[in-house]
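Here is a short report on one protein chain. Have the sequence and the model open side by side as you read.

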Amino acid sequence: ALRGADFVILCLPDDAAREAVTLVGDAPTRIIDASTAHRTATGWDYGFPELSPGQRDRVAASARVSNPGCYPTAFLSLVAPLVRAGLVDRDWPVTVNAVSGYSGGGKSMIAAFEDGAAPDATDTAFRIYGLSLAHKHVPEMQIHAGLAHPPIFAPAVTRTYRGMIVEVPLPAQAL
């Protein structure tokens, strides 16, 4: 079915998305992938048409488009234009603080907050996570912002279903 389709939108976990793409093979099927599997992969266009000049045309013409993540979309909207304009040096140690509602955490986090599966997760109004600095969105943020180094990403979740606040503090001397 994938090989016979003109257009496919994949809403799968990363490994399943990679497998689905291999099943398409060399068929002319155009693919949009909503997983994180192809957001920095060679041969895929990043599906954020406002990101940079010419990006809209690349996305429109592409056979393989990776859908950007929520945190990266907010981060890139703030940082990529500043890096591109030379207002923030690509070597600057960029940090990003972000908080989102728990729906972005997927099935297990939704269950923890709604079903009480993890009481400690619901006892606090604000909980940081990803303290290893290896969050799955960091490569996407670095590459598509044009940064020389990964940003320090400090994500948190709050006891609300949806929504997001993302901030990138920049000292005046960075501009």
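The text below goes from the overall layout to the sheet, the cores and single residues.

## Ground rules

This is a predicted model, in which local features need pLDDT of at least 70, side-chain atom pairs count only at pLDDT 80 or more, and totals for chains, interfaces and linings use all residues. Residues are numbered from 1 along each chain as its sequence is written, and side-chain values use heavy atoms, with hydrogens and water left out.

## Overall layout

The protein chain has 6 helices and 8 strands. Helices (H or I, at least four residues) and strands (E, at least two) are DSSP runs, numbered from the N terminus. Along the sequence they follow the pattern β-α-β-β-α-β-α-β-α-α-β-α-β-β. The C-alpha atoms fill a box of roughly 50 × 45 × 25 Å, taken along the principal axes.

Of the 175 residues in the protein chain, 37% are buried. Buried means under 20% relative accessible area, exposed means over 50%, and partly exposed is in between (1.4 Å probe, protein chains only). Contact means heavy atoms within 4.5 Å. Among contacts with a separation of 6 or more, 64% join residues 24 or more positions apart.

Four strands form an open sheet: 4 strands in the order 6-7-5-8, with mixed pairing. Two strands pair if DSSP finds at least two bridges between them. Strand 6 (126–128) and strand 8 (164–167) are the edge strands, each pairing on one side only. From one strand to the next, the twist averages 20°.

Strand 5 (residues 95–101) and strand 7 (residues 152–158) run parallel and are joined by 7 bridges. Thr95 has Ile152 in strand 7 as its bridge partner. Helix 3 (residues 70–84) packs on the sheet and touches strand 5, strand 7 and strand 8. The direction of helix 3 makes about 40° with that of strand 8. Axes are lines fitted to C-alpha atoms, for helices over the stretch in contact, and angles run from 0 to 180 degrees between N-to-C directions.

## The cores

A nonpolar core is a set of buried Ala, Val, Leu, Ile, Met, Phe, Trp, Tyr and Cys residues joined through side-chain atoms within 4.5 Å. The largest one has 20 residues. Phe75, Leu76, Val79, Val94, Val96, Leu147 and Phe153 touch the most other members. Helix 3, strand 5 and helix 6 (138–145) are the elements that give two or more residues to this core. Helix 3 supplies the largest share, 6 residues.

Take Phe153. Leaving out residues up to four places away in sequence, Phe153 touches Tyr71, Val96, Ala98, Gly130, Leu133, His135, Val138 and Met141. Another core lies apart from the largest one; it has 10 residues, among them Leu10, Ala17, Ala27 and Ile31.

Helix 4 (residues 106–114) has Met109, Ala112 and Phe113 buried. Seen down the axis of helix 4, its buried residues fall within an arc of 90°, so they line one face of the helix. The arc is that of the directions from the helix axis to the C-beta atoms.

Gln142 sits in helix 6. Gln142 is buried, at 18% relative accessible area. Beyond its neighbours within four places in sequence, Gln142 contacts Leu147, Ala148, His149, Pro150 and Pro151.

## Salt bridges

A salt bridge is a side-chain nitrogen of Lys or Arg within 4 Å of a carboxyl oxygen of Asp or Glu. The count by this rule is 4.

Arg3 lies in the segment before strand 1 (7–10) and Asp26 in the loop between helix 1 (14–24) and strand 2 (30–33), so the pair ties together parts that are 23 residues apart in sequence. Arg3 is partly exposed at 46% relative accessible area, and Asp26 is exposed at 69%.

Asp15 and Arg18 both lie in helix 1, 3 residues apart, about one turn of the helix. Asp15 is exposed at 60%; Arg18 is partly exposed at 37%. Glu50 is exposed at 53%.

## The loop at Pro49

Pro49 is in the loop between strand 3 (45–46) and helix 2 (55–61). Its relative accessible area is 22%, so Pro49 is partly exposed. Not counting residues up to four places away in sequence, Pro49 touches Gln55 and Arg56.
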